[in-house]
Amino acid sequence: MSGFLHYLEMPYLLQGILITLQLTALGLLGGLVLGLALASMQLSRHRALSAVARGYTVIFRGTPLILQLVFAYDALPHIGLMLSPMMAAGLALAANEATFIAEVFRSGVLGVDKGQVTAGQALGMTPRVIMRRVVAPQAIRLMVPALGNEAVTTLKNSSLASFIAVQELTLRSTQLASSTFDFFSIFFASGVMYLALTGAISAIQLAAERALDLDRPASRSWAARLLPVRRPVAPLAEKDAGAAAPAEAEEPWLPPAPPEPWEREARAAALNGAPAAVEVRDLHKRYGEHVVLNGLDMTVTTGEVVALLGPSGSGKSTLLRGINHLEDVESGAVLIGGRRIGYTDDGRPLSPTKVAGARAQAGVGMVFQHFNLFSHLTARENVAGPLRWVHGMPAARAESRADELLEQVGLAHRADALPRHLSGGQQQRVAIARALAPNPRVLLLDEPTSALDPELIHEVLEVIRGLAREDGLTMLIATHQLRFAQEVADRVVFMSDGSVTEEGPAEEILTRPKHPATARFLRIMGAESVGEVA
Ligand SMILES: Nc1ncnc2c1ncn2[C@@H]1O[C@H](COP(=O)(O)OP(=O)(O)OP(=O)(O)O)[C@@H](O)[C@H]1O
């Protein structure tokens with residue numbers, strides 16, 4: 001059995017290993033470059049590019065590698081492309097491997113939560129910035145195991161190059177065995193050598209996975225220097241300091257009583273005559289045959305807080321996305337501070353990159369139902385990152401602004417935590433801080449508490465209440481929290497079937513609705529208790 005050992009150090013076979021490694025490197029690097037191009041083409045919005053990439057994939061994934069090797073070596077010379085055996089094998093390996101690597105890239109990119117991409121868009125990031133700062137760092141982490149697999153496959157497939165006389169390990173083992181007839185020992189030694197090589201690849205893969213693991217302290221991770229940095233995970237705090245009411249309180253939490261009539265009157269007087277922050281004019285949107293916004297008109301005055309109510313499916317989220325041009329609409333217009341986002345002055349649509357710039361300038365902050373925090377970044381980086389990437393703020397200033405806002409939402413002590421180490425309520429408060437960071441002129445909140453457990457809702461509502469009452473921020477809030485709407489909103493807009501059914505002072509709409517649809521909705525949502533509070 002030990003007869004195979006001396007083959008492990010035989011220069012003839014060791015040189016074969018070197019050639020195997022060179023061939024694997026050619027196949028893998030070529031496959032990575034070509035695979036990246038194929039994946040980009042498949043993900044592109046241009047149908048022709050996508051079709052070419054799919055056609056390529058069908059051909060190269062559907063035919064045997066050995067045929068491709070022989071083709072590259074024997075057939076290409078007939079069209080004047082003469083390649084050495086090594087180059088022909090490298091080309092065939094790369095061309096074949098690219099189809100699999102492209103799928104790995106594609107699944108990595110598609111595996112990143114779409115909500116984060118939407119959040120990036122809402123923050124004014126260009127497609128390129130979103131890819132670099134949000135999608136790529138997360139996709140790379142997802143792709144490492146599959147890429148490790150592809151590296152092992154390429155190494156093993158390189159043995160097929162023996163068919164076109166490349167002097168790699170398999171061919172040399174075969175030649176040696178044919179001349180010595182010591183088949184068993186030689187092929188055994190050759191198998192051990194392949195195992196050592198594939199084992200090394202697996203070890204590299206594991207090291208990369210460990211290095212990219214977000215739960216490891218960044219200081220020990222070499223990969224953290226390549227991908228966006230995060231600070232070591234802060235120890236979990238037992239209890240949240242800040243805006244929240246204690247979660248363990250035994251009494252059910254109730255929002256403070258609505259403002260006194262004189263307070264409402266004072267606010268109404270202050271808002272009277274203020275310029276429009278958001279104007280929505282005759283907005284139409286449909287998904288296929290389904291009309292979602294049906295000629296919707298609405299104006300939000302600067303400093304006003306508007307609660308958007310309506311049954312599920314009435315188009316509230318679509319309206320909020322439409323206001324920030326995250327949704328294409330069929331007709332109508334949205335003006336933010338008097339300007340249309342996403343269109344030139346003569347009404348032509350802008351490119352996605354220019355739309356991003358327009359969004360950043362328009363100053364519309366957005367908070368989503370499912371938070372949509374960038375899951376690979378700490379709370380601080382979630383807030384500071386967009387300030388740097390979109391608004392060009394120096395890192396130190398962006399971080400101190402992030403710290404200031406995290407303090408405001410009661411999360412200064414969790415600034416270094418990743419989103420997955422935060423409760424839902426904390427995540428939503430980080431999302432609010434992120435939306436506030438660039439000083440938006442208007443904040444859109446899309447059911448900010450509906451994904452939260454009941455005991456976490458109040459901490460988010462407290463933050464929003466502070467923004468409305470103390471900071472005087474213009475807000476449009478889609479919500480099902482009627483008591484909250486009554487307390488915080490200056491006006492309630494009730495939507496059904498894609499248009500405004502009824503609107504007016506919060507107090508009036510919530511306690512004395514005129515339209516039967518509003519009355520039915522309020523009844524279902526427990527309007528009785530609103531009446532009690534009033
Ligand atoms: N991308 C989409 N493709 C097809 N239909 C969609 C899409 N997005 C939303 N819709 C449909 O549009 C309608 C309005 O959806 P929207 O999310 O705006 O309603 P909503 O009032 O916010 O509802 P909810 O209170 O449940 O969030 C719904 O019927 C929904 O199914």
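The buried residues of helix α8 are covered by elements that include α1 (11-43), α6 (127-157) and α7 (169-180). This arrangement belongs to a predicted model. Elsewhere in the chain, an open sheet is built from six strands, and the UniProt record lists an ABC transporter domain, in an unreviewed entry, at residues 278-522.

**Helix α8**
- Helix α8 spans residues 183-212, a run of 30 residues.
- From its first C-alpha to its last, α8 reaches 43 Å, close to the 44 Å expected at 1.5 Å a residue.
- Its buried residues are Ile186, Ala189, Ser190, Tyr194, Leu197, Ile201 and Leu212.
- In an α-helix there are 3.6 residues a turn, so residues three or four places apart point the same way.

**The annotated span**
- Residues 278-522, which UniProt lists as "domain: ABC transporter", are 39% helix and 25% strand.

**The six-stranded sheet**
- The strands follow the order β6-β7-β8-β3-β9-β10, and their pairing is mixed.
- At the edges stand β6 (364-367) and β10 (499-505), each of which pairs on one side only.
- From one strand to the next, the twist averages 15°.

**Strands β6 and β7 with helix α14**
- Strand β7 (residues 442-446) pairs with β6 in the parallel sense over four bridges.
- Within this pairing, Leu444 in β7 stands opposite Met366.
- Helix α14 (residues 424-436) packs on the sheet and touches both β6 and β7.
- The direction of α14 makes about 170° with that of β6.

Definitions and conventions: Residues numbered from 1 in each chain as written. Predicted model: local features only at pLDDT ≥ 70, side-chain atom pairs only at ≥ 80, totals over all residues. UniProt positions renumbered as here; feature names shortened; annotations may be inferred. Helix = DSSP H or I, 4+ residues; strand = E, 2+ residues; numbered from the N terminus. Expected span 1.5 Å × (residues − 1). Buried ≥ 20, exposed ≤ 12 C-beta atoms within 10 Å, placed from the backbone. Contact = placed C-beta atoms within 7 Å. Pairing = 2+ DSSP bridges. Axes fitted to C-alpha atoms, helices over the stretch in contact; angles between N-to-C directions.
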